[in-house]
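Me: I have a model to read and some terms to learn. Can we take them one at a time?

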Amino acid sequence: VESEQDFQRFNLFGKFNIHLNQISKLSFSASSFSSAWDASGQIPQRAIDNDLITRFGSIDDLEGGQTGRQNLNLTYTLIGQDNSLFCFNPISVVIISSFSQTLPFFLMTQKMVI
């Protein structure tokens, strides 16, 4: 059985900046990425040699997985009198997830600075 990869991907990014005055601004950004796919996985050479499947075929066409990442960021930026730059990032959240038939993985990191 030859299995299509059936790769699906979704990307979204947005950013909003507001200048509070001449020397400071507030930025908010959000992004999301996700993808899913089917895979033929590892196949035995003997199955190809015996013409049971082609090199693009699969023994188990249910292999594959999905992965994703979401980010949220809020940043306050201030320009000093000597052109120095001060950035304050009170909110930064990253969520990473990956799932497959054999290995689920999930990670969430959050940074809060007060």
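Reply: Start with pLDDT, the predictor's confidence in each residue, from 0 to 100. The protein chain averages 81, and 82% of the residues score at least 70. This is a predicted model: local features need pLDDT of at least 70, side-chain atom pairs count only at pLDDT 80 or more, and totals for chains, interfaces and linings use all residues. Residues are numbered from 1 along each chain as its sequence is written, and side-chain values use heavy atoms, leaving out hydrogens and water.

Me: Where is confidence lowest, and where highest?

Reply: The mean is lowest in strand 5 (residues 105-112), at 48. Strand 1 is highest, at 95. Strands are DSSP runs of E, at least two residues, numbered from the N terminus. Over residues 102-110 the pLDDT is below 50. Where pLDDT is low, the predicted coordinates should not be read in detail.

Me: Why is Asn71 called buried?

Reply: Buried means under 20% relative accessible area, exposed over 50%, partly exposed in between (1.4 Å probe, protein chains only). Asn71 has 17% relative accessibility, so Asn71 counts as buried.

Me: What does Asn71 touch?

Reply: Contact means heavy atoms within 4.5 Å. Leaving aside neighbours within four places in sequence, Asn71 contacts Ser29, Ala30, Ser31, Val93 and Val94. Asn71 lies in strand 3.

Me: Why does Leu72 count as partly exposed?

Reply: Leu72 has 39% relative accessibility, so Leu72 falls in the partly exposed class. Leu72 is in strand 3 (residues 64-79).

Technical notes. Helix = DSSP H or I, 4+ residues; strand = E, 2+ residues; numbered from the N terminus.
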